[in-house]
Amino acid sequence: MPADRWRVFLDTSVLIAGTISRTGASAGLLDLGEAEEILIVVSQQVLVEADRVFLAKFPELIGRFRDFIHNHAPLL
């Protein structure tokens, strides 16, 4: 894991778009985070908002979103 990774703040829309579609820029950012090429940074507010959106609009994807957050522990 490179010590000089960029810290990239992801907002709610990036988390949602990257989880819904495995292609595109948002998915690419999540992939870079998974590969530990960048350090993903989010706020508690973003996590709460994204979770609320998944529960309301995409309940079938809530597990994928929560697994990503759990497995890759972005900085808060």
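**Note on the helix packing**

1. The face of α4 turned away from its buried side carries two exposed residues, His70 and Asn71. This is a predicted model, and the points below should be read as such.

2. The buried side of α4 comprises Ile62, Phe65, Phe68 and Ile69. These four cover an arc of only 135 degrees around the axis, which puts them on the same side of α4. They pack against α1, α2, β2 and α3. Just after α4, Ala73 takes a positive phi of about 30 degrees.

3. Next, α3. Helix α3 covers residues 44-57, 14 residues in total.

4. Which residues of α3 are buried? They are Val46, Leu47, Ala50, Asp51 and Phe54. Seen down the axis, these residues fall within an arc of 130 degrees, so they line one face of α3. Note that Asp51 is in this buried set. The other side of α3 has Gln45, Arg52, Ala56 and Lys57 exposed. The cover over the buried residues of α3 includes β1 (6-9), α1 (12-20) and α4 (62-72).

5. Now the pair α3 and α4. Two packed helices are described by the angle between their axes and by the distance between those axes. For α3 and α4 the angle is about 160 degrees, and the axes are 9 Å apart. An angle over 145 degrees counts as roughly antiparallel, so α3 is roughly antiparallel to α4.

6. The contact itself: from α3 come Leu47, Ala50, Asp51, Phe54 and Leu55. From α4 come Ile62, Phe65, Arg66 and Ile69. By class, this contact of α3 with α4 has seven nonpolar residues, two charged and no polar. Asp51 of α3 and Arg66 of α4 are both on the list of contact residues.

7. The loop between α3 and α4 holds Leu61. Is Leu61 buried or exposed? Leu61 has a relative accessible area of 13%, so it is buried. Leaving aside neighbours within four places in sequence, Leu61 is in contact with Thr19, Ile20 and Phe54. Leu61 and Ile16 are 45 residues apart in sequence, yet their C-alpha atoms are 9.5 Å apart in space.

8. Compare the pair α1 and α2. Their axes come within 7 Å and cross at roughly 90 degrees. Helices α1 and α2 are therefore roughly perpendicular to each other.

9. Which residues make the contact of α1 with α2? On the α1 side they are Val14, Leu15, Ala17, Gly18 and Thr19. On the α2 side they are Ser26, Ala27, Leu29 and Leu30. The residues of this contact divide into six nonpolar, three polar and no charged.

10. The buried residues of α2 are Ser26, Ala27, Leu30 and Gly33. They cover an arc of only 115 degrees around the axis, which puts them on the same side of α2. What covers them includes α1, β2 (38-41) and α4. Just after α2, Glu36 takes a positive phi of about 60 degrees.

11. Ser26 is found in helix α2 (residues 25-34). Its relative accessibility is 19%. Buried means under 20%, so Ser26 counts as buried.

12. Thr12 is found in helix α1. With a relative accessible area of 9%, Thr12 is buried. Beyond residues up to four places away in sequence, Thr12 touches Val46, Glu49 and Ala50.

13. Glu49, one of the residues that Thr12 touches, lies in helix α3. Glu49 is partly exposed, with a relative accessible area of 33%. Glu49 and Ser13 are 36 residues apart in sequence and 9.7 Å apart in space, C-alpha to C-alpha.

Methods:
Residues numbered from 1 in each chain as written. Predicted model: local features only at pLDDT ≥ 70, side-chain atom pairs only at ≥ 80, totals over all residues. Heavy atoms only, no water. Buried < 20%, exposed > 50% of the residue type's maximum accessible area, 1.4 Å probe, protein only. Expected span 1.5 Å × (residues − 1). Arc of directions from axis to C-beta. Contact = heavy atoms within 4.5 Å. Axes fitted to C-alpha atoms, helices over the stretch in contact; angles between N-to-C directions. Parallel < 35°, antiparallel > 145°, perpendicular 65-115°, else oblique. Nonpolar A, V, L, I, M, F, W, Y, C, P; charged D, E, K, R; others polar.
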